Amino acid sequence: MEYKWQLAAPQVKPRLIIHGGAGNITPEKLGPEKYKQYRHALLTIVSKADTYMRTPVSSSQHGFSTKHPSALDVATYAVTLLENNPLFNSGHGAVFTRDGINEMDSSVMVSRGHAKRGVGLTGLRRVKNPILLAKAMLEHGDDDLAKKVESGLANPRQGGIFVNPDQLDANANLDVPSAQGHTLIHGETAEILARMYGLELVDPKYFFTQNRWDEHGRALEKEKAGKGLATWSAEEYLPQGTCGAVALDADGVVCAATSTGGMTNKLTGRIGDTPVVGAGFWAEEWTEKSTAGKATSGPATDVWDSLRRCLSSPGPIVELSSSLRGLVADCLPTPSLYRPVAQTTDENLQTTRSVALSGTGNGDSFLRVAATRTVGSIAQWAELPATEALRRVAGRGGELEKSAGDRWGKTGEGEGGMIGIESVVSRDAIGRVVSTQANILQDHNCGGMFRAWIDDDGKAVMRIFHPDGEQTTHVGLPSFEGENVPEDVWRWNAGKL
C-alpha cells in the first residue's frame, strides 16, 4: 500500500457550547427531579443546535448548498431555544423585578464580519426573543454605520414601516429612524426597533411563570422578615445569571450570544452585565507572529498542543522509510493527526487566535472587573491559553471571587462562571493554513453552572457541578447520573428521550 503526502489545508471544525445560568446550585438545592429536567433540556437544546449547525443552508437557486449557518446564526438559534424554555432565566423563564415586572437584556458579539462587532439591549418587556433583536441590530449595523439604511428602515414615518405608539407604551412616540451607530439601546426605543425589524412582540403576560413568581414572593417575604436578601439566598438557588451560547464556524469566526431576565428581585430599571460589552460577553481575534517551533499560545497544556507545535515546525521531524510510512499510517489511532505540514522555507508562522465568551452569575461583579474582556486581555497580552486566562478570572479564587471581599458566600457577589471557545489557526509565510485547533472553555467559582457542549467526537455532553466530583454524590442523596457522559446527538434531537 502506498501512502502519499496530503497537502490539503486543515479545516476549522465548527464547535458549540451553551449555558443556562450559574450560582449556589448544589445537589441538595436542586434535587434529583429538577436535575433530570435540566439535564434533559440542556442535552436536547445543544443537540438541536448542533444539528442546525451541521445542516447546509438551502439555496434558492439550486435547492442545495455547501454553506452552513454562521457562528452568529448558530449561537443565537441556541439561545432562542433557551429563551423558550421556562427552566432558564431568559425569555419565557425570566425572573421578576421587585415590582413584579419582567425586564430582559440581551447581547451578541462576533470576532469579525460585522461593523459593530458587538451590541446590547436592555429593559425589554415585550420582545418574545430578546436575542433575535440583538442579532438584527448587529446585522443592520453594517448599513447603519455606512449610512446606507435599507429602504423602509430609514424613517418609519416616511414610506417605511409606521410604528404606532399605541401598540407600545403611551409615551413611546419617539423618533427612531434606525439604531444609528449605537452599541447599547434601552427600553421603548429598543422595542420600536424590534417592530421595525419585524420581530415578534408579545403581551407581557407571556413571560409569567408560576415558579418564578413564587421565587419572587418568597424572597421578598424573607427580606421583609429580616431573614436575608431578596436577590440571593443561602437556602435556595435564586437565579441571578443568564443563558448563552458560544459558537465557532468553518470560517474561523467565533460568536457569543447572551440573554437574561437579570437578577431575581432586582430594582426595576437595573442594568446588569449581559448587555455591556466586555462585562458579560466578549469576542475578538488577533494575530501573533512567532518563530516556528516556539509557543504561539502559551505553555503546552495537553498532548495535542505539543503535537501541534511539532507539526508547525519547518522541515521533517522524523524521516521515515517508505516501508515504515505505511505501517505508521495504519497504526495511528487518530487519522486526523497523520497530516504532514506543507513545507516552506520561511520559518516565521503567523497565528490567528480568536476567543468568545459568555458570562453568567452576579452581573454587578462582572461589571466591576470587566470580566469577559479581562479574560481576553490576559490571553492576548500574557500570551496564555484562554483556559488559564479564564481560570484566573472565573475560577475558584479568581478575580470575580476576590471582588466580593469579605461578602463572598453571604450576598451572592462574585459568584459566576463563563463558557467560551478559543480558536487557533497558524499560517505559513504565503498564507497557507498549517494547523488549526479549537478548545471549549468553561469554568465557574460557585456551586454549579448549567452547561452543555459538543465534544471532539461530536457527542453531546452536559455538566452542572465541578468536574472534581465533590458535589455529585452526597449522603442521603442519590448519585446525579449523566455528568460528563457523552450522548448521541441524534437521540436527543429526535426527542426520543
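Me: What kind of model is it, and what's the mean pLDDT of the protein chain?
Reply: It's a predicted model. The mean pLDDT of the protein chain is 83, with 77% of its residues reaching 70 or more.

Me: Where does pLDDT stay under 50?
Reply: One stretch is residues 1-6, where pLDDT stays under 50 and the model has eight contacts beyond four places in sequence. Another is residues 471-477, also under 50, with 14 such contacts. Where pLDDT is low, the predicted coordinates should not be read in detail.

Me: OK. How many helices and strands in the protein chain?
Reply: The protein chain has 13 helices and twelve strands.

Me: And how much of it is buried?
Reply: Of the 497 residues in the protein chain, 52% are buried. As for contacts between residues at least 6 apart in sequence, 71% of them join residues at least 24 apart.

Me: Switching to helix packing. At what angle do helix 3 and helix 4 cross?
Reply: Roughly 160°, and their axes come within 8 Å. Helix 3 covers residues 71-83 and helix 4 covers residues 130-146.

Me: So are they roughly parallel or roughly antiparallel to each other?
Reply: Roughly antiparallel, because the cut-off for that label is an angle over 145 degrees.

Me: Which residues make the contact?
Reply: From helix 3 you have Leu 72, Asp 73, Thr 76, Val 79, Thr 80 and Glu 83. Helix 4 brings in Pro 130, Ile 131, Leu 132, Lys 135, Leu 138 and Glu 139. Sorted by class, the contact has six nonpolar, two polar and four charged residues.

Me: What about helix 5, mostly covered or mostly open?
Reply: Mostly covered: helix 5 (residues 187-196) has seven of its ten residues buried. Those are Gly 187, Ala 190, Glu 191, Ile 192, Leu 193, Ala 194 and Met 196.

Me: What do the buried residues of helix 5 pack against?
Reply: They pack against strand 3, helix 4 and strand 4 (184-186). After helix 5 comes Gly 198, whose phi is positive, near 80°.

Me: Strand 3, then. Where is Thr 122, and is it buried or exposed?
Reply: Thr 122 sits in strand 3, which spans residues 118-124. Thr 122 is buried, with a relative accessible area of 1%, and the cut-off for that is under 20%.

Me: What is Thr 122 in contact with, apart from its sequence neighbours?
Reply: Beyond four places in sequence, the list for Thr 122 is Met 104, Asp 105, Leu 184, Ile 185, His 186, Gly 187, Ile 271 and Pro 275. There's also Arg 270, which is 148 residues away from Thr 122 in sequence and 9.0 Å away in space, C-alpha to C-alpha.

Me: New topic: helix 10. Which residues are buried there?
Reply: Ala 371, Thr 372, Val 375, Gly 376, Ile 378, Ala 379 and Gln 380. Helix 10 itself is residues 371-381.

Me: Where does Arg 117 sit, and what's its phi?
Reply: Arg 117 is in the loop between strand 2 (104-110) and strand 3. Phi of Arg 117 is near 65°, a positive value. At 27% relative accessibility, Arg 117 counts as partly exposed.

Me: What about Asn 484?
Reply: Phi of Asn 484 is positive too, near 65°. Asn 484 lies in the loop between strand 12 (460-463) and helix 13 (489-493), and counts as partly exposed at 38% relative accessibility.

Me: Last one, cysteines. How many disulfides?
Reply: The count comes to zero disulfides, with the cut-off set at sulfur atoms within 2.5 Å. Cys 243 is buried at 0% relative accessibility, and Cys 446 is buried at 6%.

Methods: Residues are numbered from 1 along each chain as its sequence is written. This is a predicted model: local features need pLDDT of at least 70, side-chain atom pairs count only at pLDDT 80 or more; totals for chains, interfaces and linings use all residues. Side-chain values use heavy atoms; hydrogens and water are left out. Axes are lines fitted to C-alpha atoms, for helices over the stretch in contact, and angles run from 0 to 180 degrees between N-to-C directions. Helices (H or I, at least four residues) and strands (E, at least two) are DSSP runs, numbered from the N terminus. Angles under 35 degrees count as roughly parallel, over 145 as roughly antiparallel, 65 to 115 as roughly perpendicular and the rest as oblique. Contact means heavy atoms within 4.5 Å. Ala, Val, Leu, Ile, Met, Phe, Trp, Tyr, Cys and Pro count as nonpolar, Asp, Glu, Lys and Arg as charged, and the others, Gly among them, as polar. Buried means under 20% relative accessible area, exposed over 50%, partly exposed in between (1.4 Å probe, protein chains only). pLDDT is the predictor's confidence in each residue, from 0 to 100.
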